[in-house]
Amino acid sequence: MLSQEVRTLVKSTAPVLKTHGEALTCHFYARMFQHNPELKQVFNQGHQEGGQQQQALAAAVAAYAEHIDDPSVLAPVITRIVHKHVSLGIRPEHYAIVGKHLLASIREVLGEAATDELVAAWAAAYGQLADLLIAEEARLYAQSASKEGGWTGWRAFRVERKVPESAEITSFYLAPADGGPVPGYLPGQYISLRVYVPELGLMQPRQYSLSDAPGQGRLRISVKREGGRGGAPAGSVSNVLHNHINEGDVLDLAPPQGDFTLDDQRAAPVVLLSGGVGLTPMVSMLNHLVARDDGRQIRFVHACRDRSVHAMKQHVNAVAQERPNVRKIVYYETVGAEDQPGIDYDYSGRVDLHAIRDVAVLPDADYYLCGPLPFMDEQRRALSELGVPPQRIHAEVFGTGGPGA
C-alpha cells in the first residue's frame, strides 16, 4: 500500500504528464532500445515509428498518476494490457528493465523538477503496478498452459491453407507443426505471431484476431495488407505474410488472448458492427453462434470502401440466407455499376444507425464494435444517442490497444 505522501507526489505530476508525457515516453523508448536492443524484437517497431506506442504509454502513465488514489478505475485498461503482455511473452524480468529506464527518463526529461523524493515516489508507484501486472499475467500464463493443447511462449504452426478473401485481406489456416491439439479460445480473441522482417533485421510480433469459431482443429487469421497510405508506413509484418509466407511454411504463435469476447452467458440479441478488417473477430463470433445453433436474433452490420475490399461476402450472405435469425446489413462507401443491392451491399455511404434503427438496434441487445478508431467513435456515439446503455457496448480497436496488422 502506497503512503499518502507517495500518492500525493505521484498525483502532482499528472498535469505535467498530460502536457509533456509524450516527450517523456519518446525519451524512454529511445533510451531503453539503446541500452537493451534485444527488446526491439518484443515491441512493435511500426508503432514506434508512427508514434502510436509513445502516445499510448504517455496516456497510460498520466492516467495512472491521476488515479493513483484508486487505480481500480483503470481496471479495464489493466486487463487489456495484461492480455497484450502475455500475448507478447512479457515476463517478470522485463519489468526491472522497463522500471530502470522509466525512472532514469523521469530524471533526464524533468530535470530539476525530478527531485529525489519524486523519483522515489514514482519508483514505489511503479513497483506496485508491476506487482499487480505480474500477478495477473502469471494467472493468464498458467491458464494458457493448463488447457488441453495449451502452451506458453512461442509454438510452431504450419500454414495449411492461404486463401485470398479480398483485394487486401488474406486468410491463413494454421495447424500445430507438432501435430498436437489446438486449445479452445473465446470468439473475439487474438493470437500473436512473429516473423523476420528483413528491412528491420528483426523478428517482429503482431496480434491478429482469430477469424473463425473455436473447435475447428486449427486456427484461422485473416490479415489485411497495410499499404502505407496517407503518409503512414506500410505494414512490415502484414506485407511479409502476404508476399512471402505460403502454404507449408511455419510461423511462431503465442496462445490466444484478449478480453474482447462474446458473452455466452446471455441470451440477448447480438449486434456485430464492423468497419474494414474489423470484421475478423465478428465473423468468429458469428460462426460460433451458428455452430451452436443459437436461436437469438443476430445482426451483422459491416462497412467497407467498395466490393474489391469486401471480405467474406459469400460466407456471410450464405449464413444470412440459411438462418432466419441472422440479418446482414452492408454499407459500401463507393458503389459500382456492377454492384447489386441486397447481394453485394445494402446501403451506400457510411453506417448510419439512426437510419437503420428499426432493423439494427434491438431491445436489450449486446453490441460488439470493431474497426478503425473514427468508425468506433461514431458508432458508439450513435448507440448512446439511440439509448443503448454503455454496459451493452463492447469494443475492440485495432492499433496499440488491440490487434493490428
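The chain splits into domain 1 (4-146), domain 2 (155-257) and domain 3 (270-396), with bounds taken from an automatic or database domain assignment. Domain 1 and domain 3 have their C-alpha centres 36 Å apart.

A quick word on the ground rules: this is a predicted model, where local features need pLDDT of at least 70, side-chain atom pairs count only at pLDDT 80 or more, and totals for chains, interfaces and linings use all residues. Residues are numbered from 1 along each chain as its sequence is written, and side-chain values use heavy atoms, with hydrogens and water left out.

Now the rings. Phe, Tyr and Trp rings (the six-membered one for Trp) pair if their centres lie within 6.5 Å; planes under 30 degrees apart are stacked, over 60 edge-to-face, and the rest tilted. That rule gives 9 aromatic pairs. Take Phe260 and Tyr368: their ring centres are 6.2 Å apart and their planes at 70°, so this pair is edge-to-face. It links distant parts of the chain, 108 residues apart. Both partners are buried (under 20% relative accessible area, with exposed over 50% and partly exposed in between, using a 1.4 Å probe and protein chains only):

| Residue | Relative accessible area |
|---|---|
| Phe260 | 3% |
| Tyr368 | 1% |

Elsewhere, Phe28, Tyr29, Phe33 and Phe43 form one aromatic cluster.

Charges join in too, counted when NZ of Lys or CZ of Arg is within 6 Å of the ring centre and within 35 degrees of the ring normal. Arg91 sits over the face of Tyr141, 3.8 Å from the ring centre, and the charged end of Arg155 lies over the ring of Trp151, 5.0 Å from its centre.

Definitions and conventions. Helices (H or I, at least four residues) and strands (E, at least two) are DSSP runs, numbered from the N terminus.
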